[in-house]
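Work through the exercises below with the structure in view. Each has a task and a solution in steps.

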Amino acid sequence: MASVGDNCVDRYLEEGIGFPGGSAVNAAVFAARLGVDSAYHGIVGSDAEGQGIVDALRAEGVDVSGVRVSDEQTSITDIRIDEDGNRVFTAYVPPMSHVVLGDAELEALAGHDWIHTGHSSRTLAQIPALSRLAPVMFDFSYTSVETASDVVDHLAIAAFSRETESEEACFALARDAVERGARIAVVTRGARGAIATDGRTNHTQAAAPVDVVDTTGAGDAFQTAFARAAFSGASIPDALEAATAFAATVCTYRGAFGHPTPLEEKEVLRDR
């Protein structure tokens with residue numbers, strides 16, 4: 001698989017540590033951990049944090065030949081962990097630039113089992129081109145179908161996060177995405193589990209029991225495992241079950257996929 005788009009440093013200021021993260025980076029790493037050949041295409045900052053992201057990707061066996069370095073600071077997401085282990089976003093400093101793929105880069109993406117990208121990667125304009133190269137999973141996260149209304153019909157899997165909404169509302173959201181052209185829509189609901197539909201049948205999946213340490217990256221893990229199963233020919237129920245089990249393992253440690261580094265004072269203060 002290939003993952004296109006965002007990266008950041010997830011900063012746990014209360015603990016004085018940072019972790020590599022970002023939806024696209026997380027997906028590439030989780031695919032590699034699931035035994036899939038994976039590649040990451042994105043822009044990292046020229047600072048130590050950007051190099052740290054590349055080093056972590058390499059250490060996880062992800063192909064980083066599609067990474068570009070820009071003379072800018074790496075994006076930041078500040079995170080606090082509540083008493084139940086749920087991650088709470090407290091601040092976000094977006095990247096200065098975003099990926100615009102040229103012909104050679106698009107050619108390098110051809111033939112992958114699937115391409116992962118999402119709203120935080122700012123790749124909407126490139127979805128039609130990407131969908132001609134491989135099936136696309138798009139992470140809407142907490143945004144609506146309307147945010148990508150012009151390209152939903154190019155998506156193999158539309159993925160959403162809705163931790164507080166009812167099951168009925170989640171199915172309504174998923175059906176809307178499928179009616180607009182997505183082949184499958186899946187909605188993760190945190191401790192409430194997940195739902196999915198292909199427009200013909202609806203499916204629910206309970207969350208796996210686990211002692212939660214940190215939910216950071218669990219949604220990306222779920223999406224990646226679901227895509228791996230679905231694009232390998234698994235049924236939606238089997239894909240939901242596999243995704244739920246894998247996501248549960250990610251909740252048992254700090255950071256999306258580990259690789260902690262201590263935060264220096266300049267890092268903590270740089271966006272203040």
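**Exercise 1. The pocket lining**

Task: State which strands and helices each supply at least two residues of the lining of the largest pocket, and which element gives the largest share.

Solution. The model is predicted.
Step 1. Four strands are on the list: strand S2 (8-12), strand S6 (76-81), strand S7 (87-93) and strand S9 (136-141).
Step 2. Helix H1 (23-33), helix H6 (218-231) and helix H7 (236-250) also supply at least two lining residues each.
Step 3. H6 gives the largest share of the lining, with 5 residues.

**Exercise 2. The pocket itself**

Task: Give the volume of the largest pocket, the residues closest to its centre and the make-up of its lining.

Solution. 
Step 1. The volume of the largest pocket is about 1,100 Å³.
Step 2. The lining has 45 residues, and those closest to the pocket centre are Arg87, Tyr142, Glu163, Thr215 and Gly219.
Step 3. Sorted by class, the lining of this pocket holds 16 nonpolar, 21 polar and 8 charged residues.

**Exercise 3. Strand S6 and its partners**

Task: Describe how S6 pairs with S2 and with S7, and explain why S6 is described as largely enclosed.

Solution. 
Step 1. S2 and S6 run parallel and are joined by 3 bridges. Across this pairing, Arg11 is opposite Asp78 in S6.
Step 2. With S7, the pairing of S6 is antiparallel and spans 6 bridges. Here Ile79 has Phe89 of S7 opposite.
Step 3. The hairpin of S6 and S7 has 5 residues between the strands, and Gly85 takes a positive phi near 90° in this hairpin.
Step 4. Buried means under 20% relative accessible area. Because 5 of the 6 residues of S6 are buried, the strand is largely enclosed by the rest of the structure.

Notes. Residues are numbered from 1 along each chain as its sequence is written. This is a predicted model: local features need pLDDT of at least 70, side-chain atom pairs count only at pLDDT 80 or more; totals for chains, interfaces and linings use all residues. Side-chain values use heavy atoms; hydrogens and water are left out. On a 1 Å grid over the protein atoms alone, a cavity is a set of points where a 1.4 Å probe fits but cannot get out, and a pocket is an open set with protein on both sides within 12 Å along at least five of seven lines; lining residues have an atom within 4 Å of a point. Grid points are joined across faces, edges and corners, and a volume is the space filled by probe spheres set on the points. Ala, Val, Leu, Ile, Met, Phe, Trp, Tyr, Cys and Pro count as nonpolar, Asp, Glu, Lys and Arg as charged, and the others, Gly among them, as polar. Buried means under 20% relative accessible area, exposed over 50%, partly exposed in between (1.4 Å probe, protein chains only). Two strands pair if DSSP finds at least two bridges between them.
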